[in-house]
Structures are given as structure tokens and as C-alpha cells.
Amino acid sequence: MSELIFEKHSRNDASWLPSLEMPEAALLGQIPQTHRRKMAPAIPSLSELDVVRHFTNLSKKNFSVDSHFYPLGSCTMKYNPKSLDAIAGLAGFSQIHPYQDEADAQGALRVLFEMQAFLSEITGMAEFTLQPAAGAHGELCGLLIVGAYHRSKKEKKTKVLIPDSAHGTNPATAALCGYEVVQVRTSAKGHVDVADLKAKLGDDVACFMMTNPNTLGLFEEDILEIARAVHAVDGLVYYDGANMNALLGICRPGDMGFDIVHLNLHKTFAVPHGSGGPGSGPVGVRKELIGFLPSPRILKKDGGFFFEKNAPQSIGKLRSFYGNFGAIIRSYAYIRALGREGLEAVSENAILNANYLKTRLKEIFDVPYDGFCMHEFVLSARRQKMKGVKALDIAKRLLDYGVHAPTVYFPLIVEEAMMIEPTETESKETLDEFVRVLFQIQKEIDEEPQKVLDAPSTTPVSRIDEVRAAREPNLRFRR
Amino acid sequence: MQYISNTEQDKKEMLGAIGAGSFEALIAKVPRALRNFKLGLPAGLSELELMRELEGLSRQNKHSNDYASYLGGGNYDHFIPAVVNALAHRGEFITSYTPYQGEASQGTLQSIYEYQSLICELTAMDVSNASMYDGASSLAEAALLALRATGRRRILVPATTHPEYRQVMRTYLSCLDAEIIELPFSNGATDPGVLKKFLNADTAAVVAQSPNFFGVLEDMRSISDLCHNAGALFIASVNPISLGILEPPGEYGADIAVGEGQPLGNPLSFGGPHFGFFTVKEALLRKIPGRIAGLTVDRTGRRAFVLTLQAREQHIRREKATSNICTNHSLCALKGAIYLTLLGREGLKKLALLNFQNAHRARERLLKIKGVRVFSDGPFFNEFALHIKKNPAAFRADLLREKILGPLTLSEFYPDLPDGFLFAVTENRTRWDEDRLTRAVGETAGPAAKKEPRVRAHF
């Protein structure tokens, strides 16, 4: 059933590799004894067919966008066009080495250069780096730039302000960069509490990190005032681009006053999530901060593209080479395919779909923050909890109906939170079916709650014992 | 080209249900001052036009299907059997999210568990996480772990370690009260005697990469022993394929072993995405960064897999997390797991020996050419440096004429090492490639040709 590869055995002579030209022993004899491996690793032996069957069967135990509606809030699980995979796989993109001479990789450099320009245009920033490998990596890049900026001005700043509704990566990154984290409250309307923010602002504040729309799916309408207040103490305003799918062609972080922006190409720009990466987390800055960007930058001169390594103020390198090129090329092609009108249609439909679902689901769920939402919204299952069924149970029951669960228990400020993001690529028909399923589950909660509490029952396993997993860690196969 | 599923009629009905007169009503809270722009982007393309355009761009790059590549330095041109992409690119793997909903992600979770098991076997270490971004960031995270675990502040790094890895480590540690000391080398490797002089009671970790950037095998056992005598942690960075024949980090006492996973079934892709593997000894289990899958049971007692030990991670611990990492490189790690499984125990050894054989044969032939000199006589795996006195730009032109990419010019990374070239030779290189390589080297060896040197960025 869930047999491990280590528990299978068949003939594997690795005949997809050519034969050695010398006897094995003669080659091994050339390796100094002190460097030689004494015991072979216990890697399984399986025929090609058995390998194919094993991983094919594993894949079937996954929910995925290709097979299921996946309204996972904050994750933007949109359809990932197949053409992008084909493009990333072209030999001229997938078989090129990072240390090729610039002249031998002009197509790749052009893609990177134009991508920097596209993202600058979309966000209203002056310049982008494509080096960060993921959103959290982009945050690290951004906060290192914050530090470098204040050091260049001989200012000593020790605090980073973060809304209480923020993603966990925000405080984790601030701590990694040596800052003290101070939380800013969310107001009763679900926005950054500007009074609380102002009370906490001082000369020691380096940065305010926020998303807009925020993690409740609401547009921060006081953003201009917020940016002014932070700038008044020479703090920088950092934009976590997790929710950028709501803003394409509608408004731009750069115009709102953000100084540093990271984007998640694996959310807004259609890079598939790959069961947890690879993504890509480009970072954009306003003009005064360009010098701090990671090295190298990709520039254009006399019609050719080249790496600019001379960057005395740069924060340095964040990873080897130039970023997740295989992800960036997908997003580049996505932007080229959609163009301006296509990108505008993305946010329009994402917002429309979210508001439609919110309207339909209001009938059975509490809505802690009412009004129109942007691309996602947060419901509370506290009414259901009073009947003994929690958000987690509803999430698991959805799996039985062939729908991936929404994000639950996030943001932390909402009791029994269910965060739903349908994305622009879903049809009204799919949304209606989702509504029908949730109404059905509500009926079950009213009439036969045990069914929901026992869920899921149709997945390859039922509810998993996470406590045992943590108490008696079994993290690898041992014979 | 758009990927919208709603019809105009759908949109009308939805607006009606919402009770909004128009789409604009939904975004009325966005200040007017922010709405005054039009995106300046090129018009959209049909898929047909898109493919034509991007294929055109891709043809402006020289690639290793057309050219024999001797480029290495962290990424290597290995053969990837068709099975790897056929499986890893299945929609169920490529379009699913991080497996937070365990019951709906058993495929991903089991494959991560198998990946962790395979990497532990390969490295002879106790625990592996689900992967990191790349070899460089893995090494930086290892240094962070060592600083945290020991409460000390000095990290010793041989200058033979990949220059970009050292740069990344400096970036990651730039905000902390830590000191990075780079150790000099001789004969292409670190002298344990020199290391000894820099070890003190404030040393959190010693890093060593083997094979190192020059392809030379370091004396990992001696470095490990010296490091432990000083009470510091030993961090090894290794090439996974070399472990088919070379002693694994777990056996020479590494506390943390990391490395670049690209050689395991991931295409070059201009340097990414690939994956970094990250392993530790049992004692450091709860300090490890990133995601980990564990084996447990479901309610009915059936075997089940789940993300575990999450109390270390940012979404739970926030500012007290062991790392800020969230997204890892799961799909790349999956390719690594499939590739290793396809190799099997015997195949791994065979692959490592093929690399060893081809690299040693190529070096021997090159050294017979006049003007080619030894860089290091230390033991090596599939990469080696040579002194060849000539102009890099002219050399490159001669190599391109023979349909060859590379080798790497060492002076780009080590300005005080003129005439050094680094050759990586994998199972993909044939005797025919070698004939052309030796021809190109033979033709240009000797005094530098009179050509304008081309400037190529290095960092």
C-alpha cells in the first residue's frame, strides 16, 4: 500500500549508463585508501518499471491544481499554463551553464534584464533583483538592504514593526537580521491600527513590513498616511508581495510609498508550487536603494547584456549564481503571454471570484471583517465550533468532497480562521460547486456531525497522528 | 493569451449576486491617487506566438546539447534519464502546494521521507531535512546553526571553498556578531597544520568542502579531528555523486553535512532552481532549519507521513524560529530522489567511477601537451585545475570552434591565480570530446594570442 522504495526489490543494473572502460577494481585502486568509501550506501535496487510505478502511484495520492479546486488562502493556487513548462524545458534554457561566457548566453541575459524591467513597471519600483529563491529569501534580501541603508546614513535602528496579522516569515526574517520585532495591532475594521503604529514609531524603527491587501484580504486604505508616518522617522516601508495577485494594473506598491518590495513568482506569476518549491522571490527597490541590491546586477550596454559586479554598497550575494532561472523564465513567458490586458484581467477576476464566494458563504459562516474584499477573504468557523466542529474538521471534510482545504488558523487574529483564495483561473461553475459542498457540510454539522469529525475517509489515510510524529520522530527509513 | 474561466455572462451574474454595480465598486477603497496609471507592457501573445518568440530567445544561448561542456564550479553537466522528468513533472507533483494538509499530500510526504532516507544513506548522516534553496545557502544556514548551537562566534572557512558559497555565508552572517576567517591553501588544498593555528575556544565551526572548488579532495578526517579537539562543530560540503566512491561525511565525523543537489537529476538551468541538501547528526536534530517529513500512523493505525517538528519553524515560532525559510525546493529534491532510486546502489558507484575515469583520463592527456602544467597533485574526483599559459578569450574562441564550452578561468575567482583553468569532466564527456579538447588546448598552448581580452563578470 504505502510501501517504501526501500521495501521493494528488483533487478537494476543501471544500464542507462555506459560501461566502464577499465575494470572497477583498477579504478578504485587509484583512489587513496583514506578517501575511499568503505560501506556502500543502502540505496534500494529497483528496475525502471518499478521506479516509474512507485512514483506514479505516489503522485496519485496528492491533491493538486491540475486535479482539484485548491482555494488555499495566501498561496494563490492558480492554474499553471503547460506552455511555461515546455518553455523552461527548451535546451537553450535548461541546458545552459551559469558560468558560460556572457556572449554565449545573451538570450538568457535578455530574459533576466527584461524581467527586471517588467516587474519594476508592474510594481512601480525603480529596479529589481531576481536573485532571491523564495519569498522568505526576498524578505532576507529586503531587510539586509534596510540595514545597509541605515548604516550608510550612520543611523542606528533596532526595531522592525510588523502587523499582528502578518506571515510568520516576517518576524523570523527580522530576527535573523538582528532586529527586535514589535507587533502592531489590527483595528476593529481589519486594518493596520494607525494610532497604534504611530505610538510605536520612533527613531529606533528601521522598517515597517506589511502586505497590501493584508492577510485578511482587505485593502489598507490608509497606506499613504502609513508610509508618510514611517518615512517621518526615516524608517523604510517593506512590501510583502504575497498578495500581489489582487493589484495587477489596479495600483502599485511603489506609488503607495513602499521602499522595498518582494514578489512571489510562484504565486502571482504562475510558477507552479512544485509540492513546496522551487519558487522565486525577486526584490524591487526605489531609486535611492539601487546600490544596495545583491550582486551581480544585469545591465544592458551597446545592445548587449552583461553582469555588473562592481557594487561597493551591495549587500552581497544571497545564493550561488543569479536566481531560480527556471522559475523566472516561466514568469517571463507568463507576462509576455498575458500582456497588460491579461494581467489586468487576472486581478479583476481574482477579486470578483473572491467577493462572489464571500457573498455566498456569508449565509453559513461568520465574517469577522465585512465589506468588499480583494483577492481573498477570511471566514470564521466559531459558529460551527459551538456545535463541536472546528475549522480543521471542515477542512478535512472538504477533502472527502474532492476540494483542497482552505488555509486554516491563519491569520492568527481570527478565531477558527478559514482563509479562502479562489484565484482568477476558476470558473463560476467551480465556485458554485464549492459553495454547494460547504452547504452540504453545514448540513452534516447540523444533522450528523460525527461524519465531519471522522473526516477524511476517502483519502489514502485518515487523520494523521501528528503528536506521535513529533514525540517519536521517525525521519528516515532504517532497516 | 488569458487563462480565465469566467464568461462575460458569469461575471454579470456574480456582480449581481454580490450586489455591486460594477467591478470598480469592489475596489472603491483604493485611493484615487493610486489609480492614475496604465501598465507599460508589451501586448499579450497567443501560445503559438509565445513559443516562436521564446524558442528564438533560447537559440541565442549556447547549450550543452550542442556543445561539450567542461564547465563545473558547482553545477555539472550530467545525463538525466527520461524517467526523472516524466515522473517529477506529473501535474500531481508540480501543481500541488507544500504538504500542510497531510491526508491530501501523502504522495509528496512519502517522497520527501524517501528523499530524506536516501540522502542520509548517501551522506551516512542521521537526519536530513526536506531540502534548502541551494548548496551555498545550505552552507550559510549550517554556519548559522553552528553559531546558535555553540554560542561561539568564529567560523573558519578554507579559501578552497566555492567563492560564491563564501560570499553567501558572509551575506547571511553580516547582521550577526560573528567573525569569518578564511584559511589559505597550498597545493590546491587546506593544510591542517595551518587550520590548527586559527582554532580557538571561540570557534563555532570549521567548514570544509571536498572535493573543493579546485576539485581537490581535502583531508577531511584530519580537519574533523582538529575541529572537534577545539570543541567546534565540523561542517562538510560535499558533491553527492562523489559519495558513490568517496568516504561520506558521517564516517569522518561531520556534525553537519550539506551540498548542492543539482548533480542529482536537475538540469543546469543557468544555475537554478536546484536544491541544497542539509543533514545533521542526531544531537542537532531540533536545531535543523526547514521542513522535515516524518513517519507516523493515521487514526486506524495505517502508516502515514506528515510534516513534523514544526515547532522549529517560522509559521509557528515566528521570530524565535531556527530559520526564516518557508518554501524549500521540493520538486528539485524529488528529482534527486527519483534519480538516486533509478541509479540504485550499483548505479551510483558506476556513475561515480565513470566521472572519476573520464576526468583522470582527460587530465592525463592534457598534461601531455606542451605548456600545460600541474596545478595540484592532490587526489581529485571529476574536476581538476591546470596551468595553461594563454589568453582566456582566445582560448575560448578556439574551444568554441571545436564545439566546446569551458573550462572555467580561475583568475575570475582568484585574481592571484593567473593561467589557472578548471575542468569538470562528467559521464557525458566522450573520447571524441576529449580529442577536440586536446586539439584546442594544443593549438593555443604557448604565448598568449594577440587578441583584445574580453571582460567577463565574476563575483
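## Where the two chains meet

Let's start with a meeting of two helices: helix 11 of chain A passes helix 1 of chain B in a left-handed crossing. Keep in mind that this is a predicted model. Two packed helices are described by the angle between their axes and the distance between the axes. Here, the axes of helix 11 (residues 325-361) of chain A and helix 1 (residues 8-18) of chain B come within 9 Å, crossing at roughly 45°. That angle makes helix 11 of chain A oblique to helix 1 of chain B.

Which residues do the touching? From helix 11 of chain A come Leu352(A), Asn355(A), Tyr356(A), Thr359(A) and Arg360(A), and they meet Lys11(B), Met14(B), Ala17(B) and Ile18(B) in helix 1 of chain B.

## Chain A as a whole

Now step back to chain A, which has 16 helices and twelve strands. Its radius of gyration is 25 Å, close to the 23 Å that the globule rule gives for 479 residues, so chain A is as compact as a globular protein of that length.

Of the 479 residues in chain A, 59% are buried. Take the contacts in chain A between residues at least 6 apart in sequence: 70% of them join residues at least 24 apart.

## A seven-stranded sheet in chain A

Chain A contains an open sheet of seven strands with mixed pairing, and the strand order is 1-7-6-5-4-2-3. Strand 1 (127-129) and strand 3 (180-184) of chain A stand at the edges with a single partner strand each, so one side of each has no neighbour in the sheet. From one strand to the next, the twist averages 25°.

Zoom in on one pair: strand 5 (residues 236-241) and strand 6 (residues 260-263) of chain A run parallel and are joined by four bridges. In this pair, Asp240(A) stands opposite His262(A) of strand 6 of chain A. Helix 7 (residues 169-176) of chain A packs on the sheet, touching strand 2 (159-163), strand 3, strand 4 (205-210) and strand 5 of chain A, and its direction makes about 175° with that of strand 2 of chain A.

## A buried strand in chain B

Over in chain B, is strand 8 (residues 233-238) enclosed or open? Six of its six residues are buried, so strand 8 of chain B is largely enclosed by the rest of the structure. In a regular strand the side chains alternate between the two faces of the sheet. In strand 8 of chain B, Leu233(B), Ile235(B) and Ser237(B) are buried on one side, and Phe234(B), Ala236(B) and Val238(B) are buried on the other.

Strand 7 (residues 203-210) of chain B runs parallel to strand 8 of chain B, and six bridges join the two. Ser210(B) has Val238(B) of strand 8 of chain B as its bridge partner.

Most residues other than glycine have a negative phi, and most peptide bonds are trans. Chain A has some cis bonds to look at. One joins Ser295(A) and Pro296(A), with omega about 0°, and Pro296(A) sits in the loop between strand 7 (283-285) and strand 8 (297-301) of chain A. Another cis bond runs from Phe410(A) to Pro411(A), with omega near 0°. Pro411(A) is in the loop between strand 11 (407-408) and strand 12 (417-420) of chain A.

Chain B brings positive phi values. Lys403(B), which is not a glycine, has phi near 60°, and with 13 C-beta neighbours inside 10 Å it counts as partly exposed. For Asp419(B), also not a glycine, phi is about 65°. Asp419(B) has 18 C-beta neighbours inside 10 Å and counts as partly exposed.

Conventions. Residues numbered from 1 in each chain as written. Chains lettered and ligands numbered in written order. Predicted model: local features only at pLDDT ≥ 70, side-chain atom pairs only at ≥ 80, totals over all residues. Rg over C-alpha atoms; globule rule 2.2 N^0.38 Å. Buried ≥ 20, exposed ≤ 12 C-beta atoms within 10 Å, placed from the backbone. Contact = placed C-beta atoms within 7 Å. Pairing = 2+ DSSP bridges. Axes fitted to C-alpha atoms, helices over the stretch in contact; angles between N-to-C directions. Parallel < 35°, antiparallel > 145°, perpendicular 65-115°, else oblique. Left-handed = near helix turned anticlockwise from the far one by under 90°.
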